[in-house]
Amino acid sequence: MRKSYLPVALLLVVSVGVTGAFMKYYMQQPVATTQVPTKLLAAAVEKPVFKYGLNLSEFKVLKHVVKQNEIFADMLMQYNVAYQTIDFLAHESKSIFNLNKMKAGNNYTVLCQKTDNGLVPKKLVYEEDKVNYVVFNLDDSLYTYRGQNKVERKHQEVSGVINSSLYETLESNNMSPALAVRLSEIFAWTVDFYKIQQGDKFKVVYDEDFVNGESVGIGEISSAVFNSSGKDFYAFYYAKDAAHEGDYYDENGNSMKKEFLKAPVKFSRISSHYSLNRFHPVTKEWKAHLGTDYAAPFGTPIMATADGIVEDACFKVYNGNYVKIRHNGQYKTQYLHMSKIGKGIHSGTRVKQGEIIGYVGATGLATGPHVCYRFWKDGQQVDPLKQKLTFSDPMPAKYKTDFMAKIKSVKQRMDAIVYQAPKPKVEKPVEDVADNYDSKYSLLKRDF
Ligand SMILES: [Zn+2]
C-alpha cells in the first residue's frame with residue numbers, strides 16, 4: 001500500500017461509484033503533453049493482431065516488462081488509474097491471481113483506448129509465462145480472469161553442423177537451445193560434450209510447442225543421431241508400452257545409459273554413511289561426511305564404478321592416496337585412503353567400469369582400512385545411495401524384436417535428413433522499445 005498516493009488520488013477522482021462488483025472510474029482531466037515520460041518503455045504495435053482472445057486492433061497496445069520492485073499499483077498508476085480502482089481490482093483479483101507473484105522480467109501489456117483526451121487504459125494483461133496470462137479488466141466493470149494461449153505442437157526434424165558449441169549452433173540455426181540440454185543428457189555416456197569438435201554433426205526428431213509462432217518448449221525427442229569424430233551415435237526412444245516411461249537405446253537395442261557399480265569394493269560393509277553431520281572419529285568434531293565409507297581389509301582392490309577418465313591420482317594430507325574419475329559431463333567419483341594407487345593409473349588414464357584403480361588402505365585421515373567413496377553430481381557431492389540412478393536395465397529379449405522392427409523406418413528416415421550447413425553468426429539488432437514509443441498518443445499527465 002502506498003498511502004502517500006491516497007489523498008492525491010482522492011483529489012483526482014471526480015466521483016467513485018461502487019455498485020456490487022462494478023465500479024466506475026474517471027480519469028484526471030487531460031493536459032496536453034508533448035513530453036513522454038522516458039520511464040514508460042512502451043512500444044507501439046502496428047499490425048492488428050488477435051492475442052489474449054482479444055482483437056488488439058481495437059486498442060492502442062503498449063508493451064511493458066515488469067521492472068525490479070515494480071508492483072501492480074505502479075503498472076496502473078503510470079496510466080493514471082485512480083488508486084481506488086487499483087485497490088478494488090487488487091482485492092477483486094485475489095481469488096484468481098496472487099499479485100505478489102508478478103515477476104520482474106515478465107511481460108505485461110496495457111490496452112488503451114484512444115480518446116481526444118489521450119489514452120485511457122482498458123485492460124492490463126500480465127503474462128505469467130509464455131502460455132498463461134491474466135487479464136485485468138479496467139473498462140466499465142472491474143474484474144480479472146485467466147487465459148491460455150493456444151499451444152501448437154509441431155513435429156520437428158532438424159540437423160546441424162557444429163562450428164562452435166552445440167548451444168550456439170542450435171541458436172544460429174533457429175533451434176531451441178533447450179535441445180542442447182536434452183541431447184547432452186541422452187548422449188551423456190557416448191559423446192563427451194566437453195570435447196565436441198568443429199564439424200561434429202547431429203540430427204534430431206522431436207516435438208516442439210509453439211505459441212503465436214514462438215517456441216515455448218520442447219516435447220519428447222523421439223530419435224537423434226550424433227556424429228562425433230566421424231562416428232554415428234544413434235539414440236531411439238522406446239517404451240515397452242504406454243503405461244511405462246521409455247528410455248533411449250542405440251540402434252542395437254543397448255541402453256544409452258550406463259549403470260554405476262553399487263560399490264567400489266566387492267566384499268565390504270558400509271562403516272559410515274554420507275551425512276551432513278557426523279562425529280569424526282579422528283578429529284572428534286561434528287562435521288559433514290560427504291562420502292560413503294566401505295570398510296575392507298588392507299589391499300582389497302578398489303574398482304572404478306563406471307567408465308571414465310582419471311582426473312587426479314595422487315597423495316594429499318587428508319585424502320591420502322586417492323583417485324578421482326570424471327565419468328561424463330555430470331558425474332565424477334573419488335576414492336580415498338588407498339594403500340596404493342593402481343598400476344598405470346594417473347591423470348588422463350582412461351578407465352573401464354570394474355577396472356582396478358587402487359587398493360584399500362588407511363592413508364590420510366583414517367582410523368582403519370576403508371575406502372571413502374565420494375560421488376559428485378553437477379559439481380556437488382551427493383549421496384550415491386540416495387541418487388535416482390535408476391539406470392535402465394538391458395532391454396529384455398521379448399521387446400527387442402519389437403524395438404528393432406520399430407526403429408527400422410525411423411532410422412531410414414533419419415538417415416535421409418540432410419545435414420544443415422553451419423550458418424555464419426548474425427548479430428541480432430537490439431530493439432530499443434523506448435524509441436518505438438509513439439509520442440502522438442501522449443498519456444495524461446500525472447500531476448502529483
Ligand atoms: Zn569417508
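Helix α3, spanning residues 83-92, has Tyr 83, Thr 85, Ile 86 and Leu 89 buried (20 or more other C-beta atoms lie within 10 Å of the residue's own, with C-beta atoms placed from the backbone). Looking down the axis of α3, these buried residues fall within an arc of 160°, so they line one face of the helix; the arc is taken from the directions between the helix axis and the C-beta atoms. Helices (H or I, at least four residues) and strands (E, at least two) are DSSP runs numbered from the N terminus.

The model is a predicted one, where local features need pLDDT of at least 70, side-chain atom pairs count only at pLDDT 80 or more, and totals for chains, interfaces and linings use all residues. Residue numbers start from 1 along each chain as its sequence is written.

Now for the sheet. Five strands make an open sheet in the order β11-β12-β13-β14-β15, with antiparallel pairing (pairing takes at least two DSSP bridges between two strands). At the edges sit β11 and β15 (247-249), each pairing on one side only. Strands β11 (residues 152-161) and β12 (residues 201-211) run antiparallel and are joined by 10 bridges. Here Ser 159 stands opposite Lys 203 of β12, while Arg 153 has Asp 209 in β12 as its bridge partner.

On to the next pair: β12 and β13 (residues 214-228) are antiparallel too, over 10 bridges, and Val 205 stands opposite Ser 223 in β13. These two strands form a hairpin with 2 residues between them, and Asn 212 in the turn has a positive phi of about 50°.

Note on methods
A residue is buried if 20 or more other C-beta atoms lie within 10 Å of its own, exposed if 12 or fewer, and partly exposed in between; C-beta atoms are placed from the backbone.
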